[in-house]
Amino acid sequence: MVVPGVGAEVVWDDEGQRVTFEGGHMRAATREFVHLDRILDAQDAAGVDVVVLCPWINLAGRQCDRQNEVLASYVGDRVAALGTVDCDRPEQLEELMRDGRLSGVEIAAAPGGHYLGHERFEGFWSVAEETGSFVFIHPSSHGFAQPALQDYYLWNTLGNPTETAFTAAHMVVSGVLERHPDLVVTLAHGGGALPWLRGRLRRAYEVQPAARARLDEPPDVSLRRFYYDTVTHDVDVLRGVLDFAGADHVLCGSDYPFDMGSESPADIVRALGLEPREEERVLGENALELLGRKDRKRGVIDVDHEALRRSIELAWESRRKGNHPFGAVLADAHGRIVLEAENTAETEQDVCGHAELNLIRLASGRYSPAFLEQCTLYASAEPCVMCCGAIYAGSVRNVVYALSAREFARAKGNSRKALALKIPSAETFSHGQDAVTVSGPHLEEEALAPHEGYW
Ligand SMILES: [Zn+2]
């Protein structure tokens, strides 16, 4: 929306809504752009019950305090809002998140002409990750001011999605998403051209040292860390984004109030014919979770620690018995521990005797899939590919782990005793039809202790 008095003037005339900005006129915002009551009337008509307001991208970074104060004053049951900050001043974001009313910020694809993988933004990304900020990236360069894109509305249809691809790919290859795995970054317009360039990014990573100079993980893993909105205007294109990113990484977007938006944004999601659970996620659950992320995260971590510490105790117990130092527990929907398991690889002479696999074997004999879907598996270390498969087959949809696979690999050095397929658990689960929530690492130091001197 446009907050009055920060550089844009909005009037309605015979031809509709006109936005005057930097000496030019813009008529692409065809629906109410300023007044909240009329914006909400439009949401009623569109069948939208909760809306996320954000600043008009051309006003990003201007008079931030004023814009943020107005946007924050609108936040309520039906309204969440993103603010605006100067990306070169991460302390602004810290302050905005400390205030607690806004859920995060909208930023341009290239603030001050710098793409978002640039080192100058490292502080911004650190703060965004620490504070659980919701960051929405929207293009703003009007087709890079390329003359060829100024005709035929191409600056929008082609320029906007290309600009998003530029900055998002820049973030991926410069390792921003790998260094800050808890970032919540949503890309406008279904990620623009980005999802369709993943094969080239992958190929370059495989054959060109320059392409992996600052990126350890395969680019697909970083690409799946982004969240994508649904504003693609093509059901097959949207299905492609969903198949790639997973239903828990796609959020229903409207592009309101622009002419390139959708009058009824839920329609394209319903046209996908998703499983009811996935459809709910895309239509709102994902957004609600991510926008209220700070509180949710704090709540979960309190519960996690007790169960996680139990899984670490079991890792010690396992080691005392002569097995590999891993443990796992299963907690029900109320957080009560209902099952425990240790590793049995040595005593049973069973290479498949991992703690999580042993736990799932016990659980599937005892509980229904419906019960297990509500449970959370806590593991002393990040589950391997085999165990992820077992967890998925066992209908458990929430996983919390202590020690990351990366730290574990560092601790064990080159020991052949601990060979593993190096695939992050979140990456494995992202290929499933059902969404699996993965949280970790937590309590890494405590979780590392049973491994010291073992491998
Ligand atoms: Zn395993």
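Select strands E11 (residues 327–331) and E12 (residues 337–342): the two pair in the antiparallel sense over five bridges. Strands here are DSSP runs of E, at least two residues long, numbered from the N terminus, and helices are runs of H or I of at least four; two strands pair if DSSP finds at least two bridges between them. This is a predicted model, in which local features need pLDDT of at least 70, side-chain atom pairs count only at pLDDT 80 or more, and totals for chains, interfaces and linings use all residues. Residues are numbered from 1 along each chain as its sequence is written.

Within this pair, Ala328 has Ala341 of E12 as its bridge partner. Five residues lie between E11 and E12 in their hairpin, and Gly335 in the turn has a positive phi of about 85°.

Five of its five residues are buried, so E11 is largely enclosed by the rest of the structure. Gly327, Val329 and Ala331 cover one side, Ala328 and Leu330 the other.

Move to the open sheet of seven strands, ordered E4-E5-E6-E7-E8-E9-E10 with parallel pairing. Its edge strands are E4 (51–53) and E10 (250–251). Inspect E8 (residues 184–187) and E9 (residues 227–229), joined over two bridges; Leu187 stands opposite Tyr228.

Finally, select helix H11 (residues 276–291). Its buried residues include Glu278, Arg281 and Val282.

Terms used
Expected span 1.5 Å × (residues − 1). Buried ≥ 20, exposed ≤ 12 C-beta atoms within 10 Å, placed from the backbone.
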